[in-house]
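Subject: Structure handover

Hello,

The sequence and structure are below. My notes on the ligand site follow.

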Amino acid sequence: MASVFTKIITGEIPCYKVAETEDYLAFLDINPNAKGHTLCIPKKEVDKLFDLEESSYHGLLEFSRKVAIAIEKAVPCKRVGMTVIGLEVPHAHVHLIPLNTMEDARFINKVKFDNDELQTIANSIASQL
Ligand code: AMP
């Protein structure tokens, strides 16, 4: 069965898109740790990040770096952290999280935004790419 992220790629499920190339997609995490929490994925569905082909792995990190630099310009934060978990969605992805405190990296305290706010955040990151 297609992963929820593949359904986002095919348009079956909506997302707040931040960036897209032929091979990669970045969109806001729907349950963010912090404002601007973004996921970067390869369009090819592979469960575990370290099982990606080397070129796809390097391509995802290169793409994630560009998105992280845009996040840092668009969202006030001390720095952008990168986390890999994958326990919930079996489709390789990198979390890019604007960090102000260690709490922002812990996936325990969540922040809520309405649809308009999420669209505004996605647009502001996209405009920095
Ligand atoms: P993990 O697989 O543990 O790295 O976590 C998966 C992440 O994907 C979580 O932070 C979820 O909030 C996020 N997520 C799950 N479904 C969606 C969705 N439809 N759109 C955006 N983010 C999602």
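**Lining of the largest pocket**

By class, 15 nonpolar, four polar and three charged residues line the largest pocket (Ala, Val, Leu, Ile, Met, Phe, Trp, Tyr, Cys and Pro count as nonpolar, Asp, Glu, Lys and Arg as charged, the others, Gly among them, as polar). This is a predicted model, with pLDDT of at least 70 needed for local features and 80 or more for side-chain atom pairs, while totals for chains, interfaces and linings use all residues. Residues are numbered from 1 along each chain as its sequence is written, and side-chain values use heavy atoms, without hydrogens and water.

A pocket here is an open set of points on a 1 Å grid over the protein atoms alone, where a 1.4 Å probe fits and protein lies on both sides within 12 Å along at least five of seven lines; lining residues have an atom within 4 Å of a point. Of the 22 lining residues, Phe5, Asp29, Ile30, Leu39 and Glu88 are the closest to the centre. H1 (4–10) gives the largest share, three residues (helices are DSSP runs of H or I, at least four residues, numbered from the N terminus).

**Ligand**

The ligand sits in this largest pocket (more than half of its atoms lie within 2 Å of the grid points). Of the 16 residues around the ligand (a heavy atom within 4 Å), Asp29, Gly86, Val89, His93 and His95 come nearest. Ligand oxygen atoms lie 2.8 Å from a polar side-chain atom of His95 and 2.8 Å from a polar backbone atom of Val89.

Regards

Notes: Helix = DSSP H or I, 4+ residues; strand = E, 2+ residues; numbered from the N terminus. Polar contact = N/O pair within 3.5 Å; in protein donor to acceptor, adjacent residues only side chain to side chain.
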